[in-house]
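Please read the following briefing alongside the sequence and the coordinates. It takes up strand pairing, then helix packing, and then the surroundings of the ligand.

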Amino acid sequence: MIAVTGASGQLGRLVIQSLLKQVDASQIVAVVRNPDRAADLAAQGVQVRKGDYAQPESLVSAFAGVDKLLLISSSEVGQRLAQHQNVVDAAKQAGVRLLAYTSLLHADTSVLALAQEHRATEAYIRASGVPFVLLRNGWYTENYLASVGPALQHGAYIGAAGEGRIASAARADYAEAAAAVLTQPHQAGKVYELAGDGTYSLAELAAELSRQSGKQVPYVNLSEADFKGALMGAGLPEGFAALLADSDTGASQGGLFDDSRQLSQLIGHATTPLSVLMKTVL
Ligand SMILES: NC(=O)c1ccc[n+]([C@@H]2O[C@H](COP(=O)([O-])OP(=O)(O)OC[C@H]3O[C@@H](n4cnc5c(N)ncnc54)[C@H](OP(=O)(O)O)[C@@H]3O)[C@@H](O)[C@H]2O)c1
């Protein structure tokens, strides 16, 4: 049996849909903290089990009989290490034979503040003795496309990534990669650096937005502090605004770049180009 945690989230749902193309639904376990939000998955024949990262006992029963487990990193930044440790401990107790973890691109050397919890989780997984595979996911293209609406409204695309080149891919590409490692043999011990085939700077993203929308939307590069302030002005909570601004500064230093093409090799086709996803968003 293959289990996916965070299965009611955006990535988790895409992983389940990818798995359903290769594995019978009865062999898939969707682990969610609120089973009411996964009724659609149950309707597809997937086993839905309750598992809350903050409630260790719920995880042990959720993982009963599971051979391979995908731990989708928690969205509760700051609490993630303790939560992930609970998942790893429960996986060990349940006798899981392969633990896949969605980490961050180049987590071991990344300058992004977000990398800290991923680094610590990776170390905990390595020390646990549970066979593991690390999916070091790069940026979702969707993260940057979330700003397309405000950019069109205000006539500028803002950020703090400078000339940094970004090798992002669609969430669906990373989901396919996760499904691949859960269904292909000989994955234990592998560390994948997953990123998009194509790269762009935010100025190039703004140029593509201008081309597709027919409106002139220049890229305006701000300092990290000014970008954080602008995000807070748009209504984002301070902690989240700080993380996004820090990530952009990291991108300016190459933190979101990778040219190894391991993602397209793993999924067997090119990753989704920025222009294609942008068209969908527009
Ligand atoms: N690479 C990137 O660009 C990028 C961007 C954003 C996030 N991420 C990371 O990748 C993960 C997946 O991305 P996503 O887009 O699918 O995020 P998402 O839609 O926010 O999904 C996060 C999932 O984590 C679950 N979760 C949070 N706290 C939990 C807890 N205490 N117990 C059990 N489940 C819990 C959520 O459950 P509910 O459905 O009940 O809320 C949700 O299913 C994120 O959580 C984050 O760690 C990566």
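Thr5 stands opposite Val31 in β2, within the parallel pairing of strand β1 (residues 2-5) and strand β2 (residues 28-32), which four bridges join. This is a predicted model, in which local features need pLDDT of at least 70 and side-chain atom pairs count only at pLDDT 80 or more, while totals for chains, interfaces and linings use all residues. Residues are numbered from 1 along each chain as its sequence is written, and side-chain values use heavy atoms, with hydrogens and water left out.

**Sheet**
- The open sheet has seven strands in the order β3-β2-β1-β4-β5-β6-β8, with parallel pairing, where two strands pair if DSSP finds at least two bridges between them.
- β3 (47-50) and β8 (191-194) are the edge strands, each of which pairs on one side only; strands are DSSP runs of E with at least two residues, and helices are runs of H or I with at least four, numbered from the N terminus.
- On average, neighbouring strands of this sheet are turned by 20° against each other, direction ignored.

**Helices on the sheet**
- Helix α1 packs on the sheet and touches β1, β2, β4 (68-71), β5 (98-104) and β6 (132-137), contact meaning heavy atoms within 4.5 Å.
- The direction of α1 makes about 160° with that of β1, axes being lines fitted to C-alpha atoms (for helices over the stretch in contact) and angles running from 0 to 180 degrees between N-to-C directions.
- Helix α5 (residues 115-128) also packs on the sheet, touching β5, β6 and β8, and its direction makes about 160° with that of β5.

**Ligand surroundings**
- The ligand is surrounded by 22 residues, the closest being Ser8, Leu11, Ser73, Asn143 and Arg171, where a residue counts if one of its heavy atoms lies within 4 Å.
- This shell divides into five nonpolar, eleven polar and six charged residues, with Gly counted as polar and Tyr, Cys and Pro among the nonpolar.
- Both α1 (10-20) and α4 (80-94) supply at least two residues of the shell.
- A polar backbone atom of Gln10 is 2.9 Å from an oxygen atom of the ligand, and for Tyr140 a backbone N or O atom lies 2.8 Å from a ligand oxygen atom.
- Taken alone, the ligand exposes 890 Å², of which the protein buries 84%, by the Shrake-Rupley method with a 1.4 Å probe.

Methods: Polar contact = N/O pair within 3.5 Å; in protein donor to acceptor, adjacent residues only side chain to side chain.
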